[in-house]
Amino acid sequence: MSNKAIECQTRSNRLGVVPMILLENASKIYANKVLALDGASLYIDRSEFVFIVGPSGAGKSTLVRLIYREELPTSGRVVVFDKDLSKMRPREVPFFRRRIGVVFQDFKLLEDRTVFENVAFALRVTDSTRREIRRRVPAVLELVGLRDKQKSYPRQLSGGEQQRVSLARAIVNNPELVVADEPTGNLDPDTAWEIFQLLREINRRGTTVVVATHAREIVNRFGKRVIALKDGQVVRDEEKGVYSSEG
Amino acid sequence: MRVRTWTYLVGQSLQGIRRHLHMSLASVTTMAVSLFVLGVFVVASLNLSYVAEVIESQIEIRAYLYDDIPAQGILDLEVAISALEYVTDVEYVDKDTALSRLKEQLGPQADLLEAVEEMNPLRNSFVVKVEAPEFVGLVASQVEEFQGVAKVDHRQDLMSRLSAVIRAIRVSALFIILLLGVATILIISNTVRLAVLSRQREVYIMKLVGATDSFIRWPFFLEGMLLGLAGAAVASFVLDRAYDWFLANVYVMLPFVPVLAKQPMLQVVSLGLITLGTAIGALGSSIPLKRFLRV
């Protein structure tokens, strides 16, 4: 376990705070024998804004997948919201996921539905009333600056706009945690900056944000906590960090 | 789940059909065609069975009597024959009735009989019916023993061969229907499975935003059910029309072949097709989902 993780854990134990995300010696070996994560340990507190950086294949995506439980660790522990994900029963998973908003590089929008429906989708599954949906969806679309595009279809939008829709979908449930995997990988730098501004805004409202990214400039300008991965291991964990210590 | 969620899910299944109209049409067409073929075979074999039944019911033994038997003797004989095992019906046909029946059968050529009408050469007889063709020989030999019986006529050889043929046809029809039924199920469930596969992405996103498995599965289930119902309805409709056409065009050319009336047979067959189509549609679209739900 890295020093930072131990330090955080002892601090939270002292305060009796429930950890938001805790990885203990987590490893992931995929079916094709690839070792994607090699004994990673880290601790993320409530309301933190954390960048996960590292070269391609360092294990960033795997780390994100472990957090929202698309994958389970081969060994070690992943604890989110005080729940050990390996011990979670399948029927609990949907309710666990409703507390997390997930954002992908390729947006993962439903092409045959309007912007409004794509965002409303996340509320439909939670038994929300029509009134709630009519209130919540325009509100989050307002937040991401797409109030006037409600009736558009994803293909009619630019990449940046599509990513905002997927951000809106991720936060419409008021999740405690938002995880993003390369959210700006397909976007130009200006648009990327806008997306990160939105993520920072979401974080300001109290949501924990974890972003795996390659956007060096932005990471350096943001001055937030940076966890660097290399070959599936945590090699650096700094408060107010930069993209790479060498550069 | 709440009522509004159910409303949403039903709406989703309808929209699913609309959004994937191409796939939906392909599924309905496949189901309609395969269920129609199945239906044709069922109807054909039901008719074959019916033909067999009619032929078997016509199997009879004819016992010709001497002319000099008194009325009481005829009555006694009738009682004795009726008492035999396997006999289901005994009818007395006197020589005059026999002659007029023969006339009827000959129709326009009845005048051939004019020459013999004065001294009717036909005999009084009994027409004996038995339970099944295999008893014909046994009963005939017993009837032959009775006094007053001049001669017994039966076509045991022909009858037993015919009933063997009929039995073989029945068995093979049943076999073909079973085979077709399995093929139909495979074809339909494969089509529906492809439709579901094309929506893997949708299912993945649903899982990501925290949809429960049943929430994801219900629209697929309802959708498959609706598509199955539609396919079966088309098949039943076409089958109904086809049978009308058959009765109007083929049956009139083969008036001596017994054919089943359209109803209630087609009602039963249609009901079967609709049940089968709906069930396969529903199960075929929700079972393959299981694999994608493991996200």
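A crossing of two helices is called left-handed if the near helix is turned anticlockwise from the far one by less than a right angle, and right-handed if clockwise. With that in hand, let me start in chain B, where H1(B) passes H9(B) in a right-handed crossing. What I am showing is a predicted model, in which local features need pLDDT of at least 70 and side-chain atom pairs count only at pLDDT 80 or more, while totals for chains, interfaces and linings use all residues. Residues are numbered from 1 along each chain as its sequence is written, and chains are lettered from A and ligands numbered from 1 in the order in which they are written.

A word on the names: helices (H or I, at least four residues) and strands (E, at least two) are DSSP runs, numbered from the N terminus.

Let me stay with that first pair. The axes of H1(B) and H9(B) come within 8 Å and cross at roughly 55 degrees, where axes are lines fitted to C-alpha atoms, for helices over the stretch in contact, and angles run from 0 to 180 degrees between N-to-C directions. The two helices are therefore oblique to each other, given that angles under 35 degrees count as roughly parallel, over 145 as roughly antiparallel, 65 to 115 as roughly perpendicular and the rest as oblique. On the H1(B) side the meeting residues include B:Leu9, B:Val10 and B:Ile17, and on the H9(B) side they include B:Trp218, B:Pro219 and B:Leu222; here two residues are in contact if their C-beta atoms, placed from the backbone, lie within 7 Å. By class this contact has eight nonpolar, three polar and one charged residues, with Ala, Val, Leu, Ile, Met, Phe, Trp, Tyr, Cys and Pro counted as nonpolar, Asp, Glu, Lys and Arg as charged, and the others, Gly among them, as polar.

H9(B) also packs with helix H10 (residues 265-286) of chain B, at an angle of about 155 degrees and with the axes 7 Å apart. H9(B) and H10(B) are therefore roughly antiparallel to each other, and their crossing is right-handed. The residues of that contact divide into 16 nonpolar, 11 polar and three charged.

How do the two chains meet? In the model, 16 residues of chain B are in contact with 18 residues of chain A. On the chain B side, the elements that give two or more residues are helix H1 (3-19) and helix H8 (200-208), and the residues of that side divide into nine nonpolar, three polar and four charged.

Turning to chain A, we find eight helices and 10 strands, and buried residues make up 45% of its 247 residues. Buried here requires 20 or more other C-beta atoms within 10 Å of the residue's own, exposed 12 or fewer, and partly exposed lies in between, with C-beta atoms placed from the backbone. In helix H2 (residues 60-67) of chain A, eight of the eight residues are buried, so this helix is largely enclosed by the rest of the structure. Just after H2(A), A:Arg69 takes a positive phi of about 60 degrees.

Which helix of chain A packs with helix H4 (residues 115-124)? The partner is helix H6 (residues 159-171), at an angle of about 30 degrees and with the axes 7 Å apart. That makes H4(A) roughly parallel to H6(A), and H4(A) passes H6(A) in a right-handed crossing. Among the residues making the contact are A:Val119 of H4(A) and A:Ala168 of H6(A), and the contact divides into six nonpolar, one polar and one charged.

Those two residues return in the nonpolar core, meaning a set of buried Ala, Val, Leu, Ile, Met, Phe, Trp, Tyr and Cys residues joined through C-beta atoms within 7 Å. The largest core has 112 residues, and those with the most contacts inside it are A:Ile52, A:Val119, A:Ala168 and A:Val179. The largest share of this core, 14 residues, comes from helix H9 (residues 213-249) of chain B.

Finally, two loop residues deserve a look. A:Phe107 lies in the loop between strand S6 (100-104) and H4 of chain A, has a positive phi near 65 degrees, and counts as buried, with 20 C-beta neighbours inside 10 Å. A:Asp127, in the loop between H4 and helix H5 (130-143) of chain A, likewise has a positive phi near 65 degrees, but A:Asp127 is partly exposed, with 14 other C-beta atoms within 10 Å.
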